[in-house]
Amino acid sequence: MLGSLQLLQPTTVDEASGALRDFAERGKVYAGGAELLLLMRHGLLQSEILVDIKKIERLHGIACASDALSVGACVTHHILESNPLVRAHAPSFAYAESQVANVRVRNQGTLGGNLCFNDPHSDPGTVLLVHNASVTLGSQRGERQIPLHDFFLDVYETALEPDELMLDVQIPPLPNGMISAYFRLHRFQRPTLGVAAAVKMNHGTIAESRLAVGCVGPKAQRLAELETKLNGSSLRDAKRICAEQKTYLRNMLRPMDDLLGGADYKLYMTGVMLGEALEQVARKDNVRT
Ligand SMILES: Cc1cc2nc3c(=O)[nH]c(=O)nc-3n(C[C@H](O)[C@H](O)[C@H](O)COP(=O)(O)OP(=O)(O)OC[C@H]3O[C@@H](n4cnc5c(N)ncnc54)[C@H](O)[C@@H]3O)c2cc1C
């Protein structure tokens, strides 16, 4: 049961940030509430004042500029999975959004809430890393933009300051000719493992690749060293290289045992699914050419 709560509904970022500063620990940002209300109901989080940010118009837009697609923090997963701009600009991201939980959670939960909560078992962040996405954070002190890679710090920990809101996510297009895929392993609603790959093929070999893995350790990670190793290799060699990288993957991903899978299982499946994701990208490239 929830105790009595005060609900504030600011209409500007300034107002919301001011409320967070004034109420400090007593106030919490409330977007869709999919995570927040669950935690409060289970007594895992206490709050007296909810700062509902859904009335701030700026947090709801989806707009495409030449350098990036901008998605407001309060856009829901359901809108993202079906929005034509998102599907055209970042199809694997739209697909990852369609895989989140179930239709109830996708209607309720927002992209900003997902990224700010930073549960390791999440989908969108992993794909956004291969797009080199960044996030805009705002408060009464002004705005700043940081790479998503630097926003994720650790399990449930991000670079947000206590009086800051996430305003939007900037998603640059993939380089010309690069094709992406997102692979997800799950037994329950939340993913046990998520793998995103974006690859540019050149006459059957990998010219450039971007790889990211989520759910294995504390946060989603890009695999820059492995990406470099794959350059110039055939699909078959690339799959072999991925399967051989256990030590590198262990060091990078810091696998953890949890309710959704054992550390060794997730690590083993990472190698397998990186190979699957590369194969899917190569298949899409064949269809396109
Ligand atoms: C049953 C269930 C299954 C799920 N399965 C999946 C899954 O398969 N894949 C997946 O990726 N996710 C999954 N999720 C997580 C879900 O996607 C997130 O719960 C949802 O996106 C959170 O968004 P929200 O708007 O409801 O956030 P809220 O619950 O409102 O907020 C979450 C946290 O973020 C903070 N916050 C929210 N928005 C902002 C903002 N703009 N600026 C600053 N702080 C903010 C809040 O203060 C709170 O700490 C699941 C959740 C549930 C309950």
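**Labels and their cut-offs**

Reply: Start with a pair of atoms: a polar atom in the side chain of threonine 158 lies 3.2 Å from the backbone nitrogen of leucine 160. This is a predicted model, where local features need pLDDT of at least 70, side-chain atom pairs count only at pLDDT 80 or more, and totals for chains, interfaces and linings use all residues. Residues are numbered from 1 along each chain as its sequence is written, and side-chain values use heavy atoms, with hydrogens and water left out.

Me: Why is threonine 158 called buried?

Reply: Buried means under 20% relative accessible area, exposed means over 50%, and partly exposed lies in between (1.4 Å probe, protein chains only). Threonine 158 has 15%, so it is buried. It is found in strand S9, residues 157–158. Helices (H or I, at least four residues) and strands (E, at least two) are DSSP runs, numbered from the N terminus.

Me: Which residues does threonine 158 touch, not counting those up to four places away in sequence?

Reply: Leu115, Cys116, Asn118, Phe151 and Leu153. Contact means heavy atoms within 4.5 Å. Phenylalanine 151 has its own list of contacts, including Leu115, Cys116, Val135, Thr158 and Met166, again leaving aside neighbours within four places.

Me: What makes a nonpolar core, and how many residues has the largest one?

Reply: A nonpolar core is a set of buried Ala, Val, Leu, Ile, Met, Phe, Trp, Tyr and Cys residues joined through side-chain atoms within 4.5 Å. The largest has 34 residues, and Phe93, Leu115, Leu128, Phe151 and Val169 have the most contacts inside it. Among the elements that give two or more residues to this core are H5, helix H7 (111–117), strand S10 (165–171) and S12. Helix H8 gives the most, with four residues. A second, separate core has 29 residues, including Ile179, Ile206, Tyr248 and Leu253. In soluble globular proteins, nonpolar side chains tend to be buried together.

Me: Is glutamate 97 buried or exposed?

Reply: Its relative accessibility is 0%, so glutamate 97 counts as buried. Glutamate 97 lies in helix H5, residues 91–98. Among its contacts beyond four places in sequence are His77, Arg106 and Pro124.

Me: How do you know that S11 and strand S12 pair?

Reply: Two strands pair if DSSP finds at least two bridges between them. S11 and S12 (residues 193–202) are joined by seven bridges and run antiparallel, so they pass the cut-off of at least two. Arginine 184 stands opposite glycine 194 in S12, and alanine 181 faces alanine 197. S11 is mostly covered, with six of its seven residues buried.

Me: What other pairings make up the sheet?

Reply: Four strands form an open, antiparallel sheet in the order S11-S12-S13-S14. S11 (179–185) and S14 (221–222) stand at the edges, each with a single partner strand, so one side of each is left without a neighbour in the sheet. S12 and S13 pair over nine bridges. They form a hairpin with two residues between them, and histidine 203 in the turn has a positive phi of about 50 degrees. S13 and S14 pair over two bridges. Their hairpin has six residues between the strands.

How values were computed: Polar contact = N/O pair within 3.5 Å; in protein donor to acceptor, adjacent residues only side chain to side chain.
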